[in-house]
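Hi,

Here is the structure I promised to pass on.

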Amino acid sequence: MIKAVTGTKDILPSDIPRWKYLENTVERIFNSFNYKEIRTPVFEETPLFARGIGEETDIVGKEMYTFSDKSDTSLTLKPEMTAAVVRAYNEHSLGAQQSLVKLFYISPMFRQERPQAGRFRQFHQFGAEAIGSNSPLLDAEMIQMAYEILKSLGLKNLTVKINSLGTPQSRENYKKLLKNYLEEKKDRLSEDSRKRFDKNILRIFDSKVESDQLIIKDAPKITDHLDEESKIDFEVVKEQLKKSNIPFEIDSSLVRGLDYYTKLTFEIDSGSVGAQTALVGGGRYDLLIENLGGKPTPATGFAAGIERILLACENEKSLTVPEPSIDVYLIRIDDGLESFVSELGGKLRKENISVDFDYLQRSVKAQMREANRMNAKYTLFIGGDEFKAGMMNLKNMSSGEEEKISLKDINSIILKLK
RNA sequence: GUGAGCGUAGCUCAGUUGGUUAGAGCACCAGGUUGUGGCCCUGGGGGUCGUGGGUUCAAAUCCCAUCGCUCACCCCA
């Protein structure tokens, strides 16, 4: 038997109500902040991600689904959305029509990693990008939107972490400081961290190795070495979060693994998932638009992992979505009425009433069981003596009450069922 | 890429020191008034015991390989 590819999952009919609920919540909240939806292709030319995310990142280095098409163009299934949105922004000059463009998306992403709890090879993210302003109010808005969505889904066990990476200039200065501090301790670092020392020294902060942690603990903090502008912006974000009653902590070791971030970065973690605690990650990326060939334009955004959020919801039992149901199940009492039942079903369906009936020649009892399983609000009995007398029985499934309705009086059924 | 655990019915699992036709609960199907559900009762269908090989008179059970799943590391949503 052929099975779904490793790291991919079917979203089955029984899963759909929870997904829909989440998607509706996401859309509602993004609409309230006036973000407009954007959809981009699932694949792009490979250099978009290589340049956008950074050649040295793990995503680009080892996790992308890259392949050549018949014209030998290297294509990649999108591993994240920001580069794709920026590509569309540049390509269609979206910034020419309005100076601040606020976009959101819900989309599958692809990364070839080993699957584990809250991590898949095809997974789904929703997120937002605000392109065209350097206002720290927008950074705060990103956190607010993400936080509000998670809260609306009933999640409780949340931690908002923020940090500032500063401008590229101040970050470079800080890197030098950090390098000086770590230079003499370098040989005590783990192998991975020694590699990071040369490739991307900030990433040493991500290490979970205890001996590394001890060394890093007393390292100079990036938030103590920010340029004036970043410092002021960081203060504004903190102030806004306080005003919005969003609890947060400053985590100066929060270094996101994508190269494009500048100034504010943030993450929202949940204690209700497995080891992959990050539900939401984001930050400002003031240089990306320019790097991808656009005019210099400041921007900020975030992405949230839908599977992880639903996992947290499940573990916290925070979501109660209504059981699916139908309005009426038509019950055929006598053989030979199949086409009449089908025709009547059609009429009701045209009135936007959800209708189903038996296609398997089953007994009345079996049809009733089916109606019960489908959570039918009503059943309509067609056949027998009443039918000969021009009547049908309409039964309310929760009260058990029945009433006779004339075959000619479809309208009164429609009224009842609506 | 590295490490650990696990693969028996659609699902959750049981299967004693290897020993007759591999079990349970749930789900599914049928019946319990010739036309009425949810509860209950009776009966039924459904499994190459992940796959391949080996040991043995005999393997779901022991050994090897392989595939898959799960979790963790790395990194990230």
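How far apart are the centres of domain 1 and domain 3, taken over C-alpha atoms? They are separated by 50 Å.

Before the rest, some housekeeping. This is a predicted model, so to speak of local features I needed pLDDT of at least 70, while side-chain atom pairs count only at pLDDT 80 or more and totals for chains, interfaces and linings use all residues. Residues are numbered from 1 along each chain as its sequence is written, chains are lettered from A and ligands numbered from 1 in the order written, and side-chain values use heavy atoms, with hydrogens and water left out.

Overall layout

Chain A splits into domain 1 (16-167 + 227-316), domain 2 (171-216) and domain 3 (328-417); the bounds come from an automatic or database domain assignment. Its radius of gyration is 28 Å, whereas a compact globule of 418 residues would have one near 22 Å (taken over C-alpha atoms; the globule rule is 2.2 Å times the number of residues to the power 0.38). Along the principal axes, the C-alpha atoms fill a box of roughly 95 × 50 × 45 Å. The chain has 16 helices and 16 strands (DSSP runs numbered from the N terminus: H or I of at least four residues for helices, E of at least two for strands).

Helix packing

α1 (residues 16-32) and α12 (residues 306-316) cross at roughly 110 degrees, and their axes come within 11 Å (lines fitted to C-alpha atoms, for helices over the stretch in contact, with angles from 0 to 180 degrees between N-to-C directions). That makes α1 roughly perpendicular to α12 (65 to 115 degrees; under 35 is roughly parallel, over 145 roughly antiparallel and the rest oblique). On the α1 side, Arg 18, Trp 19 and Leu 22 make the contact, and the α12 residues they meet include Ile 306 and Leu 310 (contact means heavy atoms within 4.5 Å).

α1 also packs on α6 (residues 136-152), with axes within 10 Å and a crossing of roughly 140 degrees. Among the residues that meet here are Tyr 21 and Phe 30 in α1, and Met 145 and Ile 149 in α6.

α6 in turn packs against α10 (residues 228-243) at about 40 degrees, with the axes 8 Å apart. The two are therefore oblique to each other. The contact includes Pro 136, Leu 137 and Ile 143 of α6, and Val 236, Val 237 and Leu 241 of α10.

Cheers
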